[in-house]
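Thanks, everyone, for making the time this morning.

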Amino acid sequence: MKKTILITGASSGFGKTTSRFFASRGWNVIATMRSPELETELSGDPSILVTRLDVSDNASIQSAIAAGIEQFGQIDALVNNAGYGQQGLFEAVKPEKIQEQFDVNVFGMMNVTRAILPHFRLRKQGTLVNISSAAGRVTTPILSIYAASKFAVEGFSESLAYELESQQIKVKIVEPGYVPTSFYERAGAEFAYDAALTDYNTFNGEMAELFSSFAGGLNATAEEVARTIYEAVTDGTYTLRYLIGPESEPLIALRNSKPDQEYVSALRSMFMPAAFENKVESI
Ligand code: NAP
């Protein structure tokens, strides 16, 4: 029997590429998105059901799951992929934008997970793949809200993995590093800036320079992310984490290999402009 996967945020980026990847490997795909009426590339394939799902709208989640089961008979795997990145200094991000970030990246993921679990439990099988980020393991400045949401995804998923193993349900965390997708268009458009926060002007300038020096390095592709998600769903193991990204692997290896304060000091020397370093070290 053909297997079926439900993917959230399938209108672009990893979600769309992963939908195509699974369909090409003989899976049925429930490709869900907020505006299915705008989708033209996935809709012609008979093994792909394009349907509406907004992770903040429980009725839409229930309808998408019901439509998928009606069309394909069962759901074997869920990819909680919908998400975006709120960037900017913490003090510049308005409380309602923080709420929105958590509503999508964290509470949205929980909403879809809660809705699928009775189906997985009934069948005593199922694989849940939660898309976190390298920013769920390591952080940089200007990323506190996004990183907080992805650290929450990590804690949620790791704890859930222990609970659900008792039900023969596998939980996987996929952690991409930098991968060019429309993620960065939305992140740029929603970047929080407050001109009144002049105390940060020097720091902002230093960070802009530092981040632009990272540009143009090695990075993974959406295709590699899709292949990793496929591996996570089909490898038959209870492996929890799948990290992708040549630029983030060394940073996570550093975090894993060093005592915590040594790691923080290494990062501080990278992110703290030299002008401030001595002052901070002496505090
Ligand atoms: P993307 O191309 O911008 O895709 C994000 C998807 O999430 C879009 O389909 C978007 O739908 C959807 N979405 C946003 N809010 C939603 C909501 N309330 N309900 C349902 N769907 C919603 O970005 P991407 O790079 O593929 O990102 C996918 C995931 O990977 C995200 O969780 C992101 O945090 C994570 N990630 C990305 C990178 C990277 O470098 N690209 C790195 C690490 C982790 P609309 O079209 O309706 O807005």
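Gly108 counts as buried, because its relative accessibility is 0%, where buried means under 20% relative accessible area, exposed over 50% and partly exposed in between, with a 1.4 Å probe and protein chains only. This is a predicted model, in which local features need pLDDT of at least 70 and side-chain atom pairs count only at pLDDT 80 or more, while totals for chains, interfaces and linings use all residues. Residues are numbered from 1 along each chain as its sequence is written, and side-chain values use heavy atoms, with hydrogens and water left out.

Gly108 sits in helix α3, residues 95-123; helices (H or I, at least four residues) and strands (E, at least two) are DSSP runs, numbered from the N terminus. Setting aside neighbours within four places in sequence, Gly108 is in contact with Val55, Phe102 and Asp103, contact meaning heavy atoms within 4.5 Å.

Val55 leads us to the ligand, since a polar backbone atom of Val55 is 3.0 Å from a ligand nitrogen, a polar contact being a pair of N or O atoms within 3.5 Å. An N or O atom in the side chain of Tyr146 is 2.7 Å from a ligand oxygen, and for a polar side-chain atom of Ser182 the distance to an oxygen of the ligand is 2.8 Å. Taken alone, the ligand exposes 890 Å², of which the protein buries 92%, by the Shrake-Rupley method with a 1.4 Å probe.

Which elements give two or more residues to the shell around the ligand? They are α1 (13-24), α4 (144-165) and α5 (183-189), and α5 gives the most, with three residues. Of the 27 residues around the ligand, those that come nearest are Ser11, Arg34, Tyr146, Thr181 and Tyr184, where a residue is near if one of its heavy atoms lies within 4 Å.

Turning to the packing, the largest nonpolar core has 30 residues, and Ile5, Phe22, Val29, Val174, Ile229 and Val233 touch the most other members; such a core is a set of buried Ala, Val, Leu, Ile, Met, Phe, Trp, Tyr and Cys residues joined through side-chain atoms within 4.5 Å. The largest share of this core, seven residues, comes from α7. Apart from it lies another core, of 29 residues, and among them is Val55, the residue that is also in contact with Gly108.

How values were computed
A polar contact is a pair of N or O atoms within 3.5 Å; within protein, one must be able to donate a hydrogen and the other to accept it, and residues adjacent in sequence count only if both atoms are side-chain atoms.
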